[in-house]
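Biologist: I am new to this model and would like to understand the terms as we go. Could we look at it together?

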Amino acid sequence: MTKREASLAGTTSSAATAHHQLDWATSKTIGGITEIAVLAPIKKGCVPGERRTYEERLVAAIDNLASRHQQGLPTELGRIAAIHFGRMIIIRPEQYLVHSNLEGLNYFPDHDGAAQAQAAAGQGQVPQPIDDYVESGSDPKKQPELRSFLLTLVEFDGDLKVYMRDIAKFLASDFDVIFQNCEAYPTTHSFERFWLWVRRYQINTNLLYAPYSDLTVVRIKQLEDFKRRFDAFVARVWSPRGPRVGAIEELFDEFLRSSQQYASNFPAPGGTYETGNSQVGG
Amino acid sequence: MVNSANASLEQTRSNVQAHLLRASKFKIDNGEATRNWSLFFFFRILTQAEFDATVQRMQRAAADAAGAKRELWLDFTHPAILNAGLVAQRLADAASSAPDGPAQAFLDWLKVITSADKSGLQQNAGVLAALPGAASTATEAGTRTGGTGLDLTDPIASIADACNAQRVDADLIRQVLQLHSQPEQYLALLQKLRDGSAAAPRNGAVGPLPGVVLYELLRQGAPAMVNSKPTPSSHGIVRGEANAHAGVVEGDPGDVTPINVAFTYSGLAALKLDQTTLKSFPDAFKQGMAARAQRLRDTGPSAPEHWDGELGLPSVHGYFSGGSPLKKGDAVKESFWKAMRADVAAFNDPVDVRGRLLRFWLHLLYRVLGLEIVHIELGQDPYTVDEASDTVQCLQDRVEHFGFRDGLSQPFVDMKLGDTPPGGGTPGRDGTWTPVAPGEILLDQFDEDGDHQLLPISRKLTVGATFLVFRKLEQDVAGFRAFLSWQRPKDGEAQKALAAQFVGRWPNGTPLVLSPEAEHSAEEQSEATLNNFRYAADDPSGAKCPLGAHIRRANPRDIGGRSEARRHRILRRAISYGGPLLKQGVLSDGERRGLLFIAANSRIDLQFEVIQADWINGGEFLGQAGLGRCPLVGAHDGVASDGFLEAGAAAPVVGLPRFVVTRGGDYFFAPGIATLKLLANGAHFEPEQDETPFGGFAMADVKTPALFDPDRLTGYGQAILSGEKTAVHLDLPSSATQGSYDKVCFVGLHSDVRKVLRNEQSASGTLEFSVRHYHLAAQNITRGRDIIISTDAFGPTDATRTRLHAILNKAWWALADALKAEGMDKVVRGIVKSVLDMTLRRTAQALRIDLVKDLAAQATYAVVEQLYGIPGPQWLTELAVALPFARQHVGALPPDWIAALQGEKPDNPGLATMQVWSAVILADLVGNLQSIAELHAISRQAGSEMLDYIDSQVSLERASPIRSPETLLEAFIKNEDLPEIAALYDQDGTPPGQRGDWKPRYYSDVSAILLELVGTSMATIPLTFASVMQALFKFRIDLPSLLGSLPASDVPRLIYEAERLNPNVPVRMRYCETTTALPGGAEVKEGEWVAALIGAANLDPRVFQNPYLFSFDPKIRDIKNYLLFNDQGNNRQCWGRERVAMAVLEECVMAAGRLRGLRGVAGAGGEPVKLAQVTIGLPARFTQVASTPER
C-alpha cells in the first residue's frame, strides 16, 4: 500500500483526518453577472420499476428540455429571466480517467507495443467503455466503483442565493426532474435543504469572462426592442431622399411613449417577450 | 503525426485540376477565348450490384427479350427506379462490401478521363458487347434502316429519331453497349459529330442536348481512345493546371478542353474511402450545404426544402463539367440555346414527357460507365440577342444578370504563374500587393500563417486538392429593377446610382472608392484601376463606397487593420445561367436566371462560410457595426429593419426584399490528378499510422450505456444471427434502493422471435410467454379494463380475451351484414380512397406533401370517423396542447406559452386530439421498453381523456334508435339485445333470468374495444406507412414507377418487404411465464423479460434468403414469415391487420404512387416528425399528381 493509498483508506495518521468543514465554493462575479458551477455525482443502477439507469433517465430529461428549446418553444428556463447562458454536461469515468492507471479498470490494449508510442504522442491510457449492463453469469473482474457526474454551468444576473431561490420557487419540480438523478438531492421543496445541497456540490470557477457584465438579459432584450421600434419609426417618417411625412413631431412622441418604459409582460411570466411591430408601412 | 513537407509548387501545379486556378479558356483555332458556357453533370455513382442489374437488363433488351425493353424504358426514363426490384437486386450488405461498392465501370471511366487509360473500360466493354441470343450477330453501326440505331452518316438526326421514337430500340442499345469496344467507330462518330453541327436544333420533342452530350462523352473519352500505351503520366481530359494545354500522344482526338470532377461527402463514402479517413474531413464538408442552411442563412424561400431537383440530397455524389467551343453557325442562334435550356429543365423535371426521352438517352450513355446523371445545370455568360437574325451577341465584358461586370476581384494565388495584379492579394503599406498564399486555396500548400491543413488526414488525398462550393443563386432581376424604380421613381440615372451604391461599383466595374460620382469611361479604365484601391486607407468612413455595399463586404481588403481579409479569400469560378440579359422594361420573359456560384477554398468553414454568413449576412464584423445585411444578396425579408445606408445618407433605404434566392448547392472535394488516379485504381486512402491524430481516440467516443441503444441491439443481433450466441441474457444493475435484479433476455433468430411473440401454451398446458406488461399498461390506461392486445389466449386473461373478441366480431359481422351490398373491404377502401383523393387534390398545387400527416393520418382518421363511428372531439384536448411543452395539463402552462402557439392551431382538432391520444397510448403500451414511469403517467391521462370521450359518444349514440347500423359503434349498440351477448356475461351456473344488469359491463367492454381500435389504428397505420416510405427513399426506389410495373396483388408484398427492412417497432417485449427452450437452442427462464429483436429476425437468412435483397419473389419471401402485425395464423395475429390496416396502407401506397417525381426533402426540413416515438410527419416533394398510379 502506497502512502497515498493508505491515506485514502483512512488508515494513516491523524493529520489526514483533520479535514475542513463547510469550506464551500464561492461564485465568481463580474459586474452584475455571477456564475455557478455544480459538479454532482449521478446515482448508480436502475431506476426502481424501470429498465433504465438513473444516468439514462437523466439523459432523457436533459434531451427533452434541449429539444424543446431547440424547436423554439418556450421552456421552464424562461421563467428565470436572469439566465444568460446555461449548460449541462455529463462526465463519464471513461473521460476523466484518460491518462490514468487505475487497477481493475480495463484500458484499450496496447497492441504491438503501441502503448509507449501512445504515451509519447500524449494519448495516454484510454479506458475501455464501462457498460452498466453485463451478461448474466459472466464473472467480470471486480471493477472499481466509478461515478458519472453532472456538471452544470450557469451565468446569470444578480446574486447566487436570489437566483437559487427563484429556481426553487419557479422551476421547482422541473428542476427536480433533472437533479433527482443525482446523489443526495433533496428536491426543491425545502429551499434551505436545497441550498445546502447546492453548496455541497458547487465547485470553484477559475475564470469568469463576461464582456457585457453591465447588461442584464432583460436590458438586452429591451434595447433590441428599442432598436426595432426605432427602425419602424424611421421607416414611417423618413426616406433617404427626405421626410416622408410633414409633421414628424407627433409620430416622434408616439415612438417615445412606446419605447421608454414597459409596464408589464417584459418578460411575461412564462419568459416570453412581446416585441414591437417591425413591418414596413405602405 | 508527421507534418510532412509540403508539395513543391511545381508538383501542385501539375496536380491541381486545370481551370480551378486560372479561369477556363476555350481554345479557338489558334487563339483563346474566355469560356462562355458550361455544363455541370451531377451524378450518382452506381453500386456494382446496380450496374450488374442494369447491364443485364440492357443486354436482354438488346436481344429483344420479351418485357426487357419495357423494364429498360421504365428504368431509364424514371429517376431512381433502378432499385425497384424489377430484378432481384442486391442491396447494401454489411458483411461483404462487394455489391454496394462502387461499380468497377465507374472506376474504369475515372481512369479514362484522368489517365487516358481505356484498358479497364475496354475489358468492361467486351463484357457489355457480349450479347446473349441471336441478336449478338449485329455489330455494324447500322445504316439507317427503318429508323433504328445510330446512323453514322447523320448521327444527330438518328439520335433525335431514337429519342423521339419514345421506345427502346434494340439496335441502338446494341450500339451503345459496343461503343467503347470499337475505337475506330468511336472516333469516326466523334469526328462526324464535330464536323457536323452537334448543335443543330431538330424538329421533334427533344432539342440539341442529346447530341451535345454524346459529343461531350466521346470528346472526354477520346484521349484514352487514341492512346494505345497509357503511362502513369498520360493526360486524360481531367488534367493538371500545368498541363492544361498538353497535347495527346497520337492521333487527333479533337477538342481537349479540360473538365473538372469533384465529389460530395456521400460520393466519397460511395467510393468506399476508409472510414477513419472519411470521418477526418472537415465538418462543413461532411454535413453538406443543406445541413448548413442556418449558418448560411439559406432560410425562408432559400431553404433546402425548396431547392431544385436533387440538389442538396445525398444522391448527388459529385459533378463533372463539360462543354467546349461550339461550331459557328447554329450554335450562335438564340433558338439553339433556348432549346438547350428547355432540354436541361425537362431533364431535371421527373415528370416532363420530354424529360423522359432525354433521360432515356443520357442514362443509356452513362449507366454503362457506372453512373447515373441525376441533375444537370447549364451555365452561360449573359448576352443580348439580335432578334431579327436570332443571333447571340456576346458582351464586351463578363456581366451578371443585374447588369454589373462580374469576376473582377480575385485573390491572386502565387503559383508563379504571373505577377500579382493590384487588389489581388493583401495590400501593403506602400501601395503594393502581396499575393495570397496558395494554402488558402490548395490543401497541400502553406497558407497565410505558414501552416497547412491536417484534414483530411490522408496526405495522399490532399495533393493538389481543394474544396469547391457550388450554389445555384436565382436573381430576381425584375424585382431588383422594380425596387430601384420604387425608390427613385422616373429617374434612370438615380436608379443606376442606387444600384451602384448597393454593389460598390458602377455597372462597368468602376469602383465607387475611385469614382463615387460617375463611372469611368472605357479609356479611363484599365484592369489595374479597377482594383487598385483600399477601404481603410482610401475611404475609411464609407463616404464614397457605403460600408454595407456588396463588394466591401465580400472582400473587405484592409478593413479592420489586422489583415483579416487575407484569411477569408475564395477563388470564384462562377458562371451565370438563364441565357440573355432581361430586356429593359420587361417583367418576365419566361427564363429563370441567376448565377452558378462556384468557389475554391481550402477551408469552407473559415473562408466561404465566413464571407456568406458573417460578412454578407451579418452587420458586425472587422470592427464595424450596424451594417445589416448585404443589400444585393442578403437574406432579407422586406421589413423595416432590412435597411441599407447609402454613402452620406441620413436615413436608410428600408424594406429591402430578397433579390437573390438560393436554389440549390453543395460542397465538393476536387482531388488533385494523382489522387484521382489512385481513386480510379480503387484506393481507399487508409491513414498511415502516423496520420491518425491521438490514435483516433476522442473524449466524445464515450456515451451513456443504454439498454436499448441501437448499436447494442445491432451487436446482439449480429452475435445471434452469426451463431456466436443463441440469446443474450442480462442482469439489470441494481440500485441502492432496489434489492432485486430484473433480468432481460434478447432473442433474435426468426424462429425464436416468432415463438416468443406467439404467446403459446406449453406441452404441459401453461402459458410460456405473456403480455403481462401490456396488461398492466392497459389497466392503467383504461382505469382497470382490459383490451384485446393486453390479454393472452391462455392463462388468467383468456376468458376476457374470448369475450372481447366475440363482442368485436359480432359487431363487425352485424355491420357487414347491414352493408352487405358492398363487402367490408370495399367499404374501408371506399372511405380511404375518397379522403386520399381529396388530399391529393388539395396538395396538387403545393407540390409538397407530408406523407404521414396528409395521407396516412387522414386516411386512418376517416376510417375512425366513418367506419368506427367515433369522430374526434371538436376541441384540441388538454394533453395535446400541453404535451409539446412536456406538460400534462394546460393549467401548468403560463398563458404566454399558449399565446406563442396561437399561429399553430391544427386544421382538424379532432384528428390532432385522436392522434395525440393514440400516439401516447401506443408508445406506452408497445413502445415503453424501459417501463418509463412518466410515460405511464401520460398515457394514463391520455387513456382517461379518451375513454371519457368514447364513453360519452357511446351514450349519445345509445340515446337514438338504430335500425340498420352504418358504423361499428352503431353495430355494438344494435347488438346489445342479442342473447349471445348477454350470455357472455353469464357467471358459472347463473340461470339466464338472473344475470343482473350486464349492460354496463357490456358497454364498458365496448368502450375499451373502441379505444383500442381507434388508438392502435391512429398510431400504427401512419407509423407503418412512414416506415415503408422511408425504406423506399433509403433504397432509392421510385414508388410511382414501381407501381407501374408491379401487379396490384403485389402491393401488400411491397408493404411487408419495405417494412421488413425498416421495421416500425424494432423491439417487442414479452414476459416469460414458464422456463422455455427456444427452437434456436436458448433457454429463457421464468421471470425474465424477453426482448424480441424484430430487426435481427427480419434479416435472418434462414428464413429470408439473401436478406438484404429487396424482393417480391414468393420463392424467397413467404408472406407468412413477415412479422409486421405479428405473424399470421396464430392467436396473437392482429385483429385489424386484414380488415383495416392493410387496406388503408395499400390505398395510401397507391395514392403516394400517384405523386410523380416523389422524393425526400433536403436538409433539416426533411426530417421525420415524431410524437412520443411515433412518427407523425414525413415531408416529401413531388412534381405532379397523376390521376392513377402509372401503369
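Biologist: Which residues does B:F502 touch, not counting residues up to four places away in sequence?

Modeller: B:F502 touches B:F480, B:F483, B:L484, B:A549, B:H550, B:P631, B:F644, B:L656 and B:F659, where contact means heavy atoms within 4.5 Å. This is a predicted model, in which local features need pLDDT of at least 70, side-chain atom pairs count only at pLDDT 80 or more, and totals for chains, interfaces and linings use all residues. Residues are numbered from 1 along each chain as written, chains are lettered from A and ligands numbered from 1 in the order written, and side-chain values use heavy atoms, without hydrogens and water.

Biologist: Why is A:T53 called buried?

Modeller: Buried means under 20% relative accessible area, exposed over 50% and partly exposed in between, with a 1.4 Å probe and protein chains only. A:T53 has 2% relative accessibility, and therefore counts as buried. Leaving aside neighbours within four places in sequence, its contacts include A:D132, A:Y133, B:P705 and B:P733.

Biologist: Why does B:D308 count as buried?

Modeller: B:D308 counts as buried because its relative accessibility is 14%.

Biologist: What joins the side chains of B:D308 and B:K472?

Modeller: They are joined by a polar contact of 2.8 Å; the term requires a pair of N or O atoms within 3.5 Å, and within protein one must be able to donate a hydrogen and the other to accept it, while residues adjacent in sequence count only if both atoms are side-chain atoms. Among the other residues that B:D308 touches are B:H375 and B:R592.
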